[in-house]
Amino acid sequence: MDRARFLSELERHRKFCEGKSALYEALCAALARDLKAGKSAWPERLFEAWKGRTFTTDYEAPAVLLASLHYRCLKGELSLKLANVPDVVLRYLAAAPDAFWEGVGGAALQTNEAARAPGWMLPAAAAFLGQRLPFHLVDMGTSAGLTLIGDYLERGWVLKNEKGEEVKAPERFNDLPYPVLTRTGLDRRPRFLGDPEDRLWLKACIWLDDAARHERFDRACDLFVTLAKEKGGPRLHACGFTEMGAWVAEHLRPHPEEGLLLFNSQAADFLSEADYA
């Protein structure tokens with residue numbers, strides 16, 4: 001990561017935030033202006049923290065820095081409000097302790113949105129519900145596993161056929177959780193929602209001013225912790241992405257009358273080209 005690339009990615013991220021988050025749009029603009037001015041020391045500390053690190057998407061680096069700042073807000077080390085974003089952030093970065101830069105250097109974005117669960121719920125409905133077929137569910141790159149419990153949350157979608165006509169799922173599955181036999185989350189470094197620090201970092205990866213998403217996150221976290229204590233509840237295991245296929249083959253062997261569904265929510269975005277292949 002160098003100055004020119006980070007400046008380009010900050011500007012791209014600022015445009016993405018337009019109309020979505022005035023706070024993060026202002027943050028990106030302030031950071032970009034200071035970076036262009038070339039008078040502050042924080043960029044060099046940032047690039048030193050990221051020395052040797054590879055970013056696989058054009059939004060990862062800005063989002064990691066913004067999440068790290070949000071994390072410090074949640075820890076009570078700084079306060080961000082729209083009116084004072086530029087001054088407060090730049091003052092903080094100018095005097096940020098070594099621990100902050102160490103954290104930024106190793107920080108990784110984490111999936112944290114249970115509302116992405118239709119990514120597996122829709123194909124599951126098509127493949128299994130009509131046959132009333134129970135199935136095993138695997139989230140590859142699960143982070144903390146929130147998408148594994150999406151069918152326990154309120155559903156705001158309907159099924160439609162190729163003609164655009166609404167298709168109703170079997171009655172018994174309309175308002176109940178899906179017939180999932182096991183819910184497995186695989187991740188290189190799983191985050192555990194019972195751990196306050198893990199939960200805080202996941203929360204930091206959400207825009208600070210997105211109140212609705214924070215509310216969904218908190219509700220889903222509380223539910224996940226409860227379900228994880230139950231038999232058949234979600235289970236997380238440490239496993240590198242490229243080894244996940246072998247892990248599933250060894251640990252999950254469905255009977256002929258059971259289904260198996262593997263999915264990932266954006267996790268593949270962060271793979272190198274070699275790992276993706």
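What you have here is a predicted model, where local features need pLDDT of at least 70, side-chain atom pairs count only at pLDDT 80 or more, and totals for chains, interfaces and linings use all residues. Residues are numbered from 1 along each chain as its sequence is written, and side-chain values use heavy atoms, with hydrogens and water left out. Helices (H or I, at least four residues) and strands (E, at least two) are DSSP runs, numbered from the N terminus.

**The α4–α8 pair**

- Helix α4 (residues 60–74) packs against helix α8 (residues 196–204) at an angle of about 125°, and their axes are 8 Å apart. Axes here are lines fitted to C-alpha atoms, for helices over the stretch in contact, and angles run from 0 to 180 degrees between N-to-C directions.
- That angle makes α4 oblique to α8; angles under 35 degrees count as roughly parallel, over 145 as roughly antiparallel, 65 to 115 as roughly perpendicular and the rest as oblique.
- On the α4 side, V64, A67, S68, H70, Y71 and L74 do the touching, and they meet E197, L200, W201, K203 and A204 of α8. Contact means heavy atoms within 4.5 Å.
- The residues of this contact split into seven nonpolar, two polar and two charged. Ala, Val, Leu, Ile, Met, Phe, Trp, Tyr, Cys and Pro count as nonpolar, Asp, Glu, Lys and Arg as charged, and the others, Gly among them, as polar.

**The sheet and its helix**

- Four strands form an open sheet in the order β5-β4-β1-β6, with parallel pairing; two strands pair if DSSP finds at least two bridges between them.
- The edges belong to β5 (234–238) and β6 (259–263), each with a single partner strand, so one side of each has no neighbour in the sheet.
- On average, neighbouring strands of this sheet are turned by 20° against each other, direction ignored.
- Strand β1 (residues 135–140) pairs with β6 in the parallel sense over five bridges, and F135 has G259 in β6 as its bridge partner.
- Helix α7 (residues 118–129) packs on the sheet and touches β1, β4 (180–187) and β6, with its direction at about 160° to that of β6.

**Two loop residues with positive phi**

- R132 sits in the loop between α7 and β1. Its phi is near 55°, a positive value in a residue other than glycine.
- R132 has 46% relative accessibility, so it counts as partly exposed (buried means under 20% relative accessible area, exposed over 50%, partly exposed in between, with a 1.4 Å probe and protein chains only).
- S143 is in the loop between β1 and β2 (159–160), with phi near 60°, also positive in a residue other than glycine.
- At 2% relative accessibility, S143 counts as buried.
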